[in-house]
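The following paragraphs lead the reader through a single protein chain. Please consult the sequence and the model while reading.

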Amino acid sequence: DGAFEERFATALGRRELAPDPVAVGVAGNRPDVAFERHHLIRCEGIDAGEGTVGLITYMRTDSTRVADSALEEARAFIESNYGSDYLPAKAVRYKTGKSSQDAHEAIRPTSVFRTPESLRGALSRDQVRLYTLIWEQFVASQMADAVFRQVKVDILADGAIFRANGSKVLFEGFLKVQHGIENEKTLPELT
């Protein structure tokens, strides 16, 4: 009916996005993320667990550099726990900022095989929450990109334009590990 076409005109756009995982953590970001995601007031060092084993690398660093041995271990963990689809073709290396001293490695777990779940009985609640943030960010930083389909619809009705945006996860990639980053808005399949 022509009356419908005169009153409503829609524009539909679709595209696929593949955002990169967040770079492995540096000290300046850690307290902000901890507070925002877990309401932690301060960032405590974690040196408890299996006897005298330290659980994380130096926590006051501004570097994103990661040792080759840690990258290899992360890749082995990802492949054995999530499958080869979640593993990029090569290890992911992030550039360190110009103002970085790069004196230490990035903040990361000393072993990705020491999962947050395995430490729940040995650490306080806040320590587990902080270790989980560090562990998730490091593992996610070495995983394949997530892939989304982004949809935008414009509807013209009585001279006003209404816009709806949404996205759908096509492949979880690093989101399989990095919790707290969710697919917020979805739209039904549009033709």
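At what angle do α3 and α5 pack, and how far apart are their axes? The angle is about 85°, and the axes lie 9 Å apart; axes are lines fitted to C-alpha atoms, for helices over the stretch in contact, and angles run from 0 to 180 degrees between N-to-C directions. The two helices are therefore roughly perpendicular to each other, a term covering angles of 65 to 115 degrees.

The model is predicted: local features need pLDDT of at least 70 and side-chain atom pairs pLDDT 80 or more, whereas totals for chains, interfaces and linings use all residues. Residues are numbered from 1 along each chain as its sequence is written, and side-chain values use heavy atoms, without hydrogens or water.

The chain comprises five helices and three strands, where helices (H or I, at least four residues) and strands (E, at least two) are DSSP runs numbered from the N terminus. Their order along the sequence is α-β-α-α-α-α-β-β.

Where α3 meets α5, Ala-70, Ala-74, Phe-77, Ile-78 and Tyr-82 in α3 contact Trp-135, Phe-138 and Val-139 in α5, contact meaning heavy atoms within 4.5 Å.

Of the 191 residues, 36% are buried, that is, under 20% relative accessible area (1.4 Å probe, protein chains only).

Notes. Buried < 20%, exposed > 50% of the residue type's maximum accessible area, 1.4 Å probe, protein only. Parallel < 35°, antiparallel > 145°, perpendicular 65-115°, else oblique.
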